[in-house]
Amino acid sequence: DDLWLRDPAYVTAYGQPVFTFFGPFFVTDRQDFQSLFDDLNTTPLVFTVLPRFEDIGQFYWMPVGPGANRDVSRQELEAHMQYFQQRAAHWPYRIAGATPGFHDYWVEGGEHAESFGFIAHDNGETLRWTLDKALESSPDMIQIITWNDYAEGTMIEPTHEFGTTF
């Protein structure tokens, strides 16, 4: 049953519910991926984080992840955002992204052996700057990456460390 997709509080675009999928990491066949939605009565707009099925839809993600283990400069982040915007220019729908920064705490917490990378929070300037860049691309939507992930330092809620900066 897809009752949750028809809930008035559910995010929609162009009259369809929006379904973001952080992957697909293990589904490589397009038909297998599409079959995930076969039993739904309501057809969602599907956006993935990986470019494997980008013609279905993709949302922006920062240049951090397993094995990154490095600082990402503002220039590198800007180039990465521009590259995404260039690829997305021909897509029917685009979800741009903005982030307050990125500082994973998984190594310190014993979850991973290496950091996924680091993007400086820069006293709130990173969020302002990435949001401006996202808006400049005239997207259909903007995702705040990731808005509530304290383990990645991407939260925008008030914290002891940042107060209400974000």
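**Stop 1: the end of a helix**

Select S138 to begin: this residue follows helix α3 and has a positive phi, near 50°. Before going further, note that this is a predicted model, in which local features need pLDDT of at least 70 and side-chain atom pairs count only at pLDDT 80 or more, while totals for chains, interfaces and linings use all residues. Residues are numbered from 1 along each chain as its sequence is written, and side-chain values use heavy atoms, with hydrogens and water left out.

Now select residues 125-136, which are α3 itself. Helices (H or I, at least four residues) and strands (E, at least two) are DSSP runs, numbered from the N terminus. At 1.5 Å a residue, the twelve residues of α3 should span 16 Å, and the end C-alpha atoms are 16 Å apart, which agrees. The expected span is 1.5 Å times one less than the number of residues.

Which residues of α3 are buried? They are T126, L127, W129, T130, K133 and A134; buried means under 20% relative accessible area (1.4 Å probe, protein chains only). To see what covers them, show α2 (74-88), β4 (95-98), β6 (118-119) and β7 (141-144), which are among the covering elements.

**Stop 2: a sheet**

Next, find the open sheet of three strands, in the order β1-β2-β3 with mixed pairing. Its edge strands are β1 (12-13) and β3 (45-48), each pairing on one side only. Strands pair if DSSP finds at least two bridges between them. Strand β2 (residues 16-21) runs parallel to β3, paired over four bridges. Zoom in on V18 and you will find L45 of β3 opposite.

**Stop 3: two cores**

Select F47, Y60, W61, M62, V64, L77 and I119: of the 24 residues in the largest nonpolar core, these touch the most other members. Such a core is a set of buried Ala, Val, Leu, Ile, Met, Phe, Trp, Tyr and Cys residues joined through side-chain atoms within 4.5 Å. Its largest share, four residues, comes from α2. A second, separate core of six residues includes F19, V46, F53 and I56.

Return to Y60 and show its surroundings. Beyond neighbours within four places in sequence, its contacts (heavy atoms within 4.5 Å) include L77, H80, M81 and F84.

**Stop 4: the whole chain**

Zoom out to see three helices and seven strands. The C-alpha trace spans about 45 × 35 × 30 Å along its principal axes. Of the 166 residues, 43% count as buried.

Note on methods. Buried means under 20% relative accessible area, exposed over 50%, partly exposed in between (1.4 Å probe, protein chains only).
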